[in-house]
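Please keep the sequence and the model in view while reading.

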Amino acid sequence: MMPASYAQAYEYFAQQLEQLERQVTVAQPDVAQIKAALVPIQQEFQHTVQPLVLEPDEAVPRTVISRLTACNTEINKHLRFLAMDISFLQAARQPQTVQQRQAQIRDRLQRLITYARLELG
């Protein structure tokens, strides 16, 4: 079972991702604002969520730490991809390309939210 402090960290991280998703889904997204909003999310992951498995609580079973480590690896990878997706959105000029990039970002955010919430269930 995951300690409450771990669950709170993952839940807060998922909520931040959901807020970013709302910014992306508007018709004319402000890419600079989206880019700026990603920075604290990445920092939250690096400074709060990831250390939970790098310096685990002794009471947390090894199986839980192992599962969290695997999940955190995927989250870290997809956060990097998300940053690239946002850069591609910024470079998009055609309306169709903008819509495709937005859809790609929404999919990536949904995947990240799923990973964060996977650890809560």
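A contact here means heavy atoms within 4.5 Å. Among contacts in the protein chain between residues at least 6 apart in sequence, those joining residues at least 24 apart come to 77%.

This is a predicted model, in which local features need pLDDT of at least 70 and side-chain atom pairs count only at pLDDT 80 or more, while totals for chains, interfaces and linings use all residues. Residues are numbered from 1 along each chain as its sequence is written, and side-chain values use heavy atoms, with hydrogens and water left out.

The protein chain has 5 helices and 0 strands, where helices (H or I, at least four residues) and strands (E, at least two) are DSSP runs numbered from the N terminus. The order of elements from the N terminus is α-α-α-α-α. The C-alpha trace spans about 55 × 20 × 20 Å along its principal axes.

Of the 121 residues in the protein chain, 37% are buried; buried means under 20% relative accessible area, exposed over 50%, and partly exposed in between (1.4 Å probe, protein chains only). The chain exposes about 7,000 Å², of which carbon and sulfur atoms supply 51%. Such areas come from the Shrake-Rupley method with a 1.4 Å probe, and for residues only the protein chains shown count as cover.

Helix H4 covers residues 62-91 and includes methionine 84. Methionine 84 has a relative accessible area of 43%, so this residue is partly exposed.
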